[in-house]
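Thanks for making the time this morning. I would like to walk you through one structure, going slowly, with the sequence and the model on the screen.

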Amino acid sequence: MSTIGHSGRDERVRHNVYASVRRRDGLPHDLFANYWRDVHATLCSRLPGLDFYVQQHFDRGHTANLWPVADGVRRIDAVLDGSAELGFASIAGQERFGEASPVLYADERNLFSEAIAYFLPTGSLTMVDRDADGARNGPDRLHRVHVYMNRKPGTGADRWLEETSADLAADPAVQKWKLHLPEPYDNAKPAPPSPDVGHHIEDDRLNLAVAEVAFENARAAAEFFAGSAFQAVLRHQPTHLDAIGAYLVTGFYTFVRDGMPTTAGLRGSRPAELIDAVGAANQLLPDIVGRFAPIDVGRPKSATS
């Protein structure tokens with residue numbers, strides 16, 4: 001499959017986990033968001049075997065006009081606060097991570113009321129990525145939406161999604177299009193196995209596909225939706241999908257890329273933002289980095305690398 005822009009940098013990731021999360025009931029949003037990206041993320045980033053780790057934080061309050069839904073397709077109303085994507089270059093790496101992950105799962109009760117992990121044993125498909133920054137850390141500068149689509153069985157939904165995503169991603173208005181086609185979720189086998197965290201979901205999220213789609217702004221998205229190519233796809237939604245939900249991204253945080261922790265992965269997202277804002281290049285020198293991780297971790301990727 002042909003790719004556009006910087007899509008090739010995702011090729012190292014052969015196996016993925018896509019997780020949706022909802023913050024713990026009663027936990028203020030700022031406290032949740034800061035703990036997730038500064039405390040939980042740095043723990044996850046230090047576990048062995050991990051090649052890629054990104055958090056994308058959602059806006060609960062902005063749900064209107066994010067993605068058109070055809071007549072005959074239900075809306076997914078699940079309240080979510082973000083997603084995490086974990087990637088592995090090999091099954092052996094994923095197994096190493098799994099063996100070390102109980103310490104991470106035990107931390108999830110501090111911030112999540114629900115966490116659902118979807119497995120992609122053959123990885124995800126990045127059709128276009130025009131962002132030169134592969135270690136983005138901070139508020140999202142793009143109009144980025146995660147589109148949750150529950151697939152109808154026996155309709156060729158996966159092939160339809162792959163083909164239409166490739167066609168639509170070629171539009172110059174699309175800054176990024178990444179498609180996740182995970183295995184169906186099984187409520188009888190809760191994942192991840194985090195104690196005191198919800199892992200049971202409704203039918204509209206059991207056979208989920210997810211598209212991460214980004215535009216320069218909301219106006220560019222609206223013009224894209226009005227175009228003939230998207231309208232042709234819209235007409236076929238009821239054939240392949242029974243429910244759709246859309247979630248607006250407010251923050252994009254990269255903690256591990258190419259098997260190496262970023263500055264955010266080693267120090268926390270907000271400290272990494274401060275290092276870049278002040279221009280503290282000395283904080284990325286090996287003698288300082290080595291105080292936060294084994295010296296063979298090497299120089300972390302900064303938010304501008």
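This is a predicted model: local features need pLDDT of at least 70, side-chain atom pairs count only at pLDDT 80 or more; totals for chains, interfaces and linings use all residues.

A search of the whole structure for aromatic pairs finds 17 of them, and F215 takes part in one with F225, where the ring centres are 6.1 Å apart and the planes stand at 75°, an edge-to-face arrangement. What does this pair tie together? F215 belongs to strand β11, residues 208-215, while F225 belongs to helix α5, residues 218-226, so the pair connects parts that are ten residues apart in sequence.

F225 is buried as well, because its relative accessibility is 9%. Its ring also pairs with that of F224, and since the centres are 5.9 Å apart and the planes meet at 65°, this pair too is edge-to-face. F224, for its part, has a relative accessible area of 5% and so is buried.

Helix α5 packs against helix α6, residues 228-235, with the two axes 5 Å apart and at an angle of about 65°. On the α5 side the contact is made by F224, F225 and A226, and on the α6 side by S228, F230 and Q231. Sorted by class, the residues of this contact are four nonpolar and two polar, with no charged residue among them.

Helix α1, residues 29-45, and helix α9, residues 269-278, have axes that come within 7 Å and cross at roughly 80°. Are these two helices roughly parallel or roughly perpendicular to each other? They are roughly perpendicular, because angles from 65 to 115 degrees are counted that way. The residues that meet are N34, R37 and D38 from α1, and S269, R270, P271 and E273 from α9. In this contact of α1 with α9 there are four charged residues, two polar ones and one nonpolar one.

Setting aside neighbours within four places in sequence, S269 is in contact with R37, D38, N137, Y253, F255 and A264. To give a sense of distance across the model, the C-alpha atom of S269 is separated by 43 Å from that of G154, which is 115 residues away along the chain.

While we are on side chains, there is also a charge over a ring to point out: R267 lies over the face of F292, at 3.9 Å from the ring centre.

Most residues other than glycine have a negative phi, and most peptide bonds are trans. Against that background, the peptide bond from A191 to P192 is cis, with omega near -5°, and P192 is placed in the loop between β10, residues 174-180, and β11. D196 is found in the loop between β10 and β11 and has a positive phi of about 65°, although it is not a glycine. With a relative accessibility of 49%, D196 counts as partly exposed.

Also in the loop between β10 and β11 is I201, and here the relative accessible area is 3%, so this residue is buried. Not counting residues up to four places away in sequence, I201 touches E114, I116, Y118, Y185, N187 and L206.

One more positive phi, near 60°, occurs at N65, again a residue other than glycine. N65 lies in the loop between β3, residues 52-58, and β4, residues 74-75, and with a relative accessible area of 75% it is exposed.

Notes
Residues are numbered from 1 along each chain as its sequence is written. Side-chain values use heavy atoms; hydrogens and water are left out. Rings of Phe, Tyr and Trp (its six-membered ring) pair if their centres lie within 6.5 Å; planes under 30 degrees apart count as stacked, over 60 as edge-to-face and the rest as tilted. Helices (H or I, at least four residues) and strands (E, at least two) are DSSP runs, numbered from the N terminus. Buried means under 20% relative accessible area, exposed over 50%, partly exposed in between (1.4 Å probe, protein chains only). A charge sits over a ring if NZ of Lys or CZ of Arg is within 6 Å of the ring centre and within 35 degrees of the ring normal. Axes are lines fitted to C-alpha atoms, for helices over the stretch in contact, and angles run from 0 to 180 degrees between N-to-C directions. Angles under 35 degrees count as roughly parallel, over 145 as roughly antiparallel, 65 to 115 as roughly perpendicular and the rest as oblique. Contact means heavy atoms within 4.5 Å. Ala, Val, Leu, Ile, Met, Phe, Trp, Tyr, Cys and Pro count as nonpolar, Asp, Glu, Lys and Arg as charged, and the others, Gly among them, as polar.
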